[in-house]
Amino acid sequence: MGDETGHPGVGRVLVVIPTYNEADNLTQIVDRVRRAAPAVHVLVADDNSPDGTGALADALAGADPRVHVLHREGKQGLGAAYLAGFGWARERGYDAVVEMDADGSHAPEDLPALLAAARDAEVVIGSRWTGGARVHNWPLRRLLLSRFGNLYARLALGMPVSDATGGYRVYRLSALDALDLESVCSQGYSFQVELSRLAHRAGVRIVEVPITFAERERGHSKMSPLIVAEALWRITGWAVADRRTAVRRVLHGTPTGQVRWP
Ligand SMILES: Nc1nc2c(ncn2[C@@H]2O[C@H](COP(=O)(O)OP(=O)(O)OP(=O)(O)O)[C@@H](O)[C@H]2O)c(=O)[nH]1
Ligand SMILES: [Mg+2]
């Protein structure tokens with residue numbers, strides 16, 4: 001903290017925005033972030049989007065020293081883009097990173113509330129499913145998928161988190177340092193559940209803050225049946241691994257090692 005980019009009680013904050021074909025959304029989202037939280041820096045992590053999002057990000061960065069771009073070779077999934085963004089933040093001494101979608105679903109105007117909560121927590125999850133949250137314009141099938149997915153994740157993994165699949169979060173770097181990020185295997189949105197699980201198991205302090213979530217208005221969703229299947233498969237795998245570890249603990253007194261799920 002201490003320089004002009006510092007956020008009171010949190011330090012230097014980097015908002016990581018992963019993008020794939022978000023040219024219709026990027027200018028507006030970056031502008032909203034800069035207005036809602038002028039002290040933060042922004043990193044656009046673009047996977048060589050065919051629609052020119054990367055070049056647009058370069059133009060935004062050229063006009064604003066607090067906007068940065070990480071160009072990646074090709075589409076490798078949300079999880080890989082975030083891990084690269086976290087590494088970028090660590091190398092440059094940021095104190096906290098924020099995960100935010102480019103499509104406007106995560107309102108930058110909620111960012112001050114998330115950062116305020118980060119003063120007393122190492123992980124802040126912007127939740128769609130806690131008191132005071134609102135979800136606008138989501139089709140019933142997406143609502144049901146999110147509610148069911150979160151219920152399943154909570155029960156299967158025993159995590160007291162209402163929105164383990166949500167992607168609007170603050171991580172203090174100190175919390176990320178406590179997590180075994182090398183072990184992360186999710187490619188799609190199960191990345192959020194995987195990091196929730198790692199944080200819960202590491203015993204870092206997680207708080208949830210209600211957010212106002214809105215369906216994207218422009219551009220196309222990258223959600224696919226494959227991504228949903230990956231999440232279900234991985235959550236089930238982690239639940240089985242957790243139970244095996246618990247059984248070993250009972251039988252042998254100590255865990256004999258982590259069971260890895262492919
Ligand atoms: N860098 C990178 N970003 C990605 C990738 N897949 C998705 N994204 C970005 O991740 C964010 C979330 O993706 P969305 O397509 O909005 O997914 P979603 O919010 O679950 O789905 P919708 O609610 O239908 O919009 C957006 O900013 C995307 O551009 C990827 O492979 N690489
Ligand atoms: Mg979206």
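## Exercises: a pocket and its ligand

The lining of the largest pocket has 20 nonpolar, 17 polar and 12 charged residues by class. The model used here is predicted.

**Exercise 1.** Describe the largest pocket by its space, its central residues and the elements that line it.

*Solution.* 
1. Start with the space. The largest pocket holds about 1,200 Å³.
2. Go to the lining. It counts 49 residues, and those closest to the pocket centre are L78, R142, Y189, M223 and I227.
3. At least two lining residues come from each of β2, α3, α5 (140-157), α7 (190-202) and α8 (225-252).

**Exercise 2.** Locate ligand 1 and find which elements contribute to its shell.

*Solution.* 
1. The largest pocket is where ligand 1 sits.
2. Name the elements. β2 (11-19) and α3 (78-91) give two or more residues each to the shell around ligand 1.
3. Compare with the pocket. β2 and α3 also supply residues to the pocket lining.

**Exercise 3.** Work out what surrounds ligand 1, and by which classes of residue.

*Solution.* 
1. Count the neighbours. Ligand 1 is surrounded by 20 residues, with E22, K75, D103, S221 and K222 the closest.
2. Sort them. The shell has 8 nonpolar, 3 polar and 9 charged residues.

**Exercise 4.** Find the distances from polar side-chain atoms of E22, K75 and S221 to oxygen atoms of ligand 1, then state how much of the ligand is buried.

*Solution.* 
1. Take E22. The distance is 2.6 Å.
2. Take K75. Here it is 2.8 Å.
3. Take S221. For this residue it is 2.5 Å.
4. Turn to burial. Ligand 1 taken alone exposes 630 Å², and the protein buries 96% of that.

Note on methods: Residues numbered from 1 in each chain as written. Chains lettered and ligands numbered in written order. Predicted model: local features only at pLDDT ≥ 70, side-chain atom pairs only at ≥ 80, totals over all residues. Heavy atoms only, no water. Near = heavy atom within 4 Å. Polar contact = N/O pair within 3.5 Å; in protein donor to acceptor, adjacent residues only side chain to side chain. Areas by Shrake-Rupley, 256 points an atom, 1.4 Å probe, with all protein chains shown as cover. 1 Å grid on protein atoms, 1.4 Å probe; cavity = no way out; pocket = protein on both sides within 12 Å on 5 of 7 lines; lining within 4 Å. Sits in = over half its atoms within 2 Å of the grid points. Helix = DSSP H or I, 4+ residues; strand = E, 2+ residues; numbered from the N terminus. Nonpolar A, V, L, I, M, F, W, Y, C, P; charged D, E, K, R; others polar. Points joined across faces, edges and corners; volume = space filled by probe spheres on them.
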